[in-house]
Amino acid sequence: MGVGSLDYIGFMVLRTLNGWLWILAILGFGAAHLDKPGPVLGYVGPAVLPFYIPHRPLIVVVGYVTRDWRLPIPVMYLIVSPTVLAVSLCAYKFAIRRFGIMRLLFGLGHARSTPPSEYRVMAVH
């Protein structure tokens, strides 16, 4: 199967079509099942940008620290990914979300003085 042969071109067209159909299926699943308001979506929705911004340089830093380790690539991935995830989550929870200037810099706006209605304890009479 040479690069210019019809078999190769057909295979590449089907492979590309397969990739796009998977993307559409994932987007359809998300639109159908992840569009309902709730406490989790209310918490993670505003966290997207403040999580994304620090995670990029963290990948570089953790990758730089671990670059000389003589480990297989899958093992390095299993070290770098959870480390970056944990540090990014901690940075969001304990540094970005709690301080007004950091909230402003990361586009979160002012902190609410009262928690969202789904977190309030309702008094029963």
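## Basis and terms

Buried means under 20% relative accessible area, exposed over 50%, and partly exposed in between (1.4 Å probe, protein chains only). By that rule Tyr 92 counts as buried, at 5% relative accessibility, whereas Tyr 43 is partly exposed, with a relative accessible area of 29%.

This is a predicted model, in which local features need pLDDT of at least 70 and side-chain atom pairs count only at pLDDT 80 or more, while totals for chains, interfaces and linings use all residues. Residues are numbered from 1 along each chain as its sequence is written, and side-chain values use heavy atoms, with hydrogens and water left out.

## Helix H3

Helices are DSSP runs (H or I, at least four residues), numbered from the N terminus. H3 covers residues 48–65, 18 residues in total, and reaches 26 Å from its first C-alpha to its last. That is close to the expected 26 Å, the expected span being 1.5 Å times one less than the number of residues.

H3 bends by about 25° at His 55, the bend being the angle between axes fitted to the seven residues ending there and the seven starting there. Pro 57 follows within four residues. His 55 is also one of the buried residues of H3, with Pro 50, Pro 54, Leu 58 and Val 62. Their cover includes helix H4 (73–96), by contact (heavy atoms within 4.5 Å).

## Aromatic rings

The structure holds one aromatic pair. The ring centres of Tyr 43 and Tyr 92 are 6.0 Å apart and their planes are at 75°, so the pair is edge-to-face. Rings of Phe, Tyr and Trp (its six-membered ring) pair if their centres lie within 6.5 Å; planes under 30 degrees apart count as stacked, over 60 as edge-to-face and the rest as tilted. Tyr 43 lies in helix H2 (residues 39–44) and Tyr 92 in helix H4, 49 residues apart.

Key. Helix = DSSP H or I, 4+ residues; strand = E, 2+ residues; numbered from the N terminus.
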